[in-house]
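Subject: The model you asked about

Hi there,

Here is the structure to open alongside this note.

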Amino acid sequence: MICGIVGVLHDENKYLVKRYGSVKGIGKTMFLTWLCALDKTFGRRVITNYTTCFTEKMTLRQAIEKIKEENIRNATLGMTEFHQILSNYEKKSRKEFYSEFIRQIRKYNINLYWDSQLEGDINKTMRNETDFIWTTEKYHKDNNSLCVIDICERPHYIKAFKVRPEPYIPLPFCIDCEIFGQMYNTREILVRE
Ligand SMILES: [Zn+2]
């Protein structure tokens with residue numbers, strides 16, 4: 001299964017997912033981490049391209065190599081800033097890469113979860129291969145107001161919404177940032193592939 005988490009949808013969507021403020025710091029990576037943590041509880045091996053307290057860290061390229069070499073099944077890949085990863089691959093081989101990559105992960109029963117600020121930054125082929133697209137919103141715990149500030153020190157919680165394919169479905173509970181924020185370094189600078 002492939003799931004994406006975005007701040008802004010590719011086209012004008014009737015759900016108007018991002019109406020105000022920043023599309024940064026709205027909980028995309030936190031939700032990504034939450035999905036990965038859930039898979040971990042199901043006994044999956046979880047690999048991320050950022051540091052968490054419960055995953056192995058490697059780049060997407062390294063992860064795919066490892067999956068092939070070690071014949072790994074039932075793993076989950078959590079890839080943040082996915083558009084940056086894709087843009088680093090050479091254009092001429094990108095198309096082959098997508099088909100090869102997708103074929104491999106389906107064959108090996110790998111879950112791929114990615115996040116990106118803009119859905120439109122993700123190649124159409126990749127978007128079409130993505131089974132579910134989610135978005136998130138961040139709220140203040142003290143008064144339930146929407147947080148529109150990228151870097152805000154108040155305590156928050158995250159609401160997540162599945163937006164593609166329709167229908168739009170909100171996750172029926174909230175994710176506490178104070179708890180899940182401890183599972184990864186929210187200020188980590190990513191190493192390029
Ligand atoms: Zn805030």
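Let's begin with helix H1 (residues 28-41), which has 14 residues and reaches 20 Å from its first C-alpha to its last, close to the 20 Å expected at 1.5 Å a residue. That expected span is 1.5 Å times one less than the number of residues in the helix. Helices (H or I, at least four residues) and strands (E, at least two) are DSSP runs, numbered from the N terminus.

Before going further, please keep in mind that this is a predicted model: local features need pLDDT of at least 70, side-chain atom pairs count only at pLDDT 80 or more, and totals for chains, interfaces and linings use all residues. Residues are numbered from 1 along each chain as its sequence is written.

How confident is the prediction? The chain averages a pLDDT of 88, and 93% of the residues score at least 70; pLDDT is the predictor's confidence in each residue, from 0 to 100. Confidence is highest in strand S2 (residues 45-48), at a mean of 98, and lowest in helix H4 (residues 91-107), at 79. Where pLDDT is low, the predicted coordinates should not be read in detail.

Back to H1. Of its 14 residues, 10 are buried, so H1 is largely enclosed by the rest of the structure. A residue is buried if 20 or more other C-beta atoms lie within 10 Å of its own, exposed if 12 or fewer, and partly exposed in between, with C-beta atoms placed from the backbone. Among the buried residues of H1 are Met 30, Phe 31, Leu 32, Trp 34 and Leu 35, and also Lys 28 and Asp 39. After H1 comes Gly 43, with a positive phi near 85 degrees.

Now for the whole chain. It holds six helices and nine strands. With 193 residues, a compact globule would have a radius of gyration near 16 Å, and the chain agrees, at 16 Å; the radius is taken over C-alpha atoms, and the globule rule is 2.2 Å times the number of residues to the power 0.38. The C-alpha trace spans about 50 × 35 × 30 Å along its principal axes. Buried residues make up 34% of the 193. Of the contacts between residues at least 6 apart in sequence, 67% join residues at least 24 apart; a contact means that the two C-beta atoms, placed from the backbone, lie within 7 Å.

The strands link up as follows, where two strands pair if DSSP finds at least two bridges between them:

- S2 and strand S3 (residues 56-57) are parallel, with two bridges; Thr 48 stands opposite Lys 57 in S3.
- S2 and strand S4 (residues 75-79) are parallel, with four bridges; Arg 45 has Ala 75 in S4 as its bridge partner.
- S4 and S5 are parallel, with four bridges; Leu 77 stands opposite Leu 112 in S5.
- Strand S1 (residues 2-8) and S5 are parallel, with six bridges; Val 6 stands opposite Ser 116 in S5.

Strand S5 (residues 111-118) is mostly covered, with six of its eight residues buried.

What sits in the largest nonpolar core? It has 37 residues, and Phe 31, Leu 77, Tyr 113 and Ile 175 touch the most other members. H1 gives the most to this core, with six residues. Such a core is a set of buried Ala, Val, Leu, Ile, Met, Phe, Trp, Tyr and Cys residues joined through C-beta atoms within 7 Å. Leaving aside neighbours within four places in sequence, the contacts of Tyr 113 include Cys 3, Leu 32, Leu 35, Cys 36 and Leu 77.

A few loop residues are worth a look too. Tyr 50 is in the loop between S2 and S3, and counts as buried, with 20 other C-beta atoms within 10 Å. Not counting residues up to four places away in sequence, Tyr 50 touches Lys 57, Thr 80, Tyr 184, Glu 188 and Leu 190.

The loop between strand S7 (156-164) and strand S8 (169-170) contains Pro 165 and also Pro 167. A cis peptide bond joins Arg 164 and Pro 165, with omega about -10 degrees, and another joins Glu 166 and Pro 167, with omega about 5 degrees.

Finally, Asn 109, in the loop between H4 and S5, has a positive phi of about 55 degrees although it is not a glycine. Asn 109 counts as exposed, with 12 C-beta neighbours inside 10 Å.

Best wishes
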